[in-house]
Amino acid sequence: MSIICNHITKIVDLDFLLKYNLSNPKKLPKLKKIILSAKLSTNYKASISVLIGILTFIKPCITISQKNVLSISLRKGDPVGIKTILRQKSIENFFIIFLYEILPSTKKLSPLKFHKQSLHWQIKDVFEYEETSDIYIYISEVHTLDIVINGINLNSNFFAALRLPVNKN
């Protein structure tokens, strides 16, 4: 059992049961999936996929446009982004990297935005992550990475229990 899974089951779940008087353990918050995504520029498809591959150890998939947008010269079927969806064991592996390496290394930490049982956050300084400094040449054009954390019965108190800076919106 990983550190995160152990912390959630032994500390956070018990705190929720005692503090919020939950009588049914099925009403406890659970993480279901984490979505990592980035906008795609035409010249740097490989760099974004390398970055997401380094962070998650999973090959990302390319998102394709569904309709034509004449104002930005985008045709139906053109690649517009890259994303990967993490579930089960992959969530635990990424969450450890997220909590212990990405969050502490960010210089300008903006509060995470909580909205309708999901947490949204955008990493603006990708190069502050220790493992990306070695491949700076390959990912120099990646500016932002979006992270969305979804689950069941999630609220801002759950993320506050994990010691994440949450901004209630």
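Which residues have the most contacts inside the largest nonpolar core? They are Phe94, Phe98, Ile147 and Leu164, in a core of 37 residues. The model is predicted, so local features need pLDDT of at least 70 and side-chain atom pairs count only at pLDDT 80 or more, while totals for chains, interfaces and linings use all residues. Residues are numbered from 1 along each chain as its sequence is written, and side-chain values use heavy atoms, with hydrogens and water left out.

**Chain overview**
- The chain has four helices and seven strands, taken as DSSP runs numbered from the N terminus (helices H or I, at least four residues; strands E, at least two).
- From the N terminus on, the order of elements is α-β-α-β-β-α-β-β-β-α-β.
- Of the 169 residues in the chain, 37% are buried (under 20% relative accessible area, with exposed over 50% and partly exposed in between; 1.4 Å probe, protein chains only).
- Among contacts (heavy atoms within 4.5 Å) between residues at least 6 apart in sequence, 65% join residues at least 24 apart.

**Nonpolar core**
- A nonpolar core is a set of buried Ala, Val, Leu, Ile, Met, Phe, Trp, Tyr and Cys residues joined through side-chain atoms within 4.5 Å.
- Phenylalanine 98 touches Leu103, Pro104, Trp121, Ile147 and Leu164, leaving aside residues up to four places away in sequence.

**Helices α1 and α3**
- The axes of α1 and α3 (lines fitted to C-alpha atoms, for helices over the stretch in contact; angles from 0 to 180 degrees between N-to-C directions) come within 8 Å and cross at roughly 90°.
- That makes α1 roughly perpendicular to α3 (65 to 115 degrees; under 35 is roughly parallel, over 145 roughly antiparallel and the rest oblique).
- On the α1 side, Ile3, Ile4 and Cys5 meet Glu92, Phe95, Ile96, Leu99 and Tyr100 of α3.

**Aromatic pair**
- The structure holds one aromatic pair (ring centres of Phe, Tyr and Trp, the last by its six-membered ring, within 6.5 Å; planes under 30 degrees apart are stacked, over 60 edge-to-face and the rest tilted).
- Phenylalanine 16 and phenylalanine 158 form this tilted pair, at 6.4 Å centre to centre and 55° between the planes.
- Phenylalanine 16 lies in helix α1 (residues 3-19) and phenylalanine 158 in helix α4 (residues 156-161), so the pair ties together parts 142 residues apart in sequence.
- Phenylalanine 16 is buried at 5% relative accessible area, and phenylalanine 158 is buried at 1%.

**Aspartate 13**
- Aspartate 13, in helix α1, counts as buried at 6% relative accessibility.
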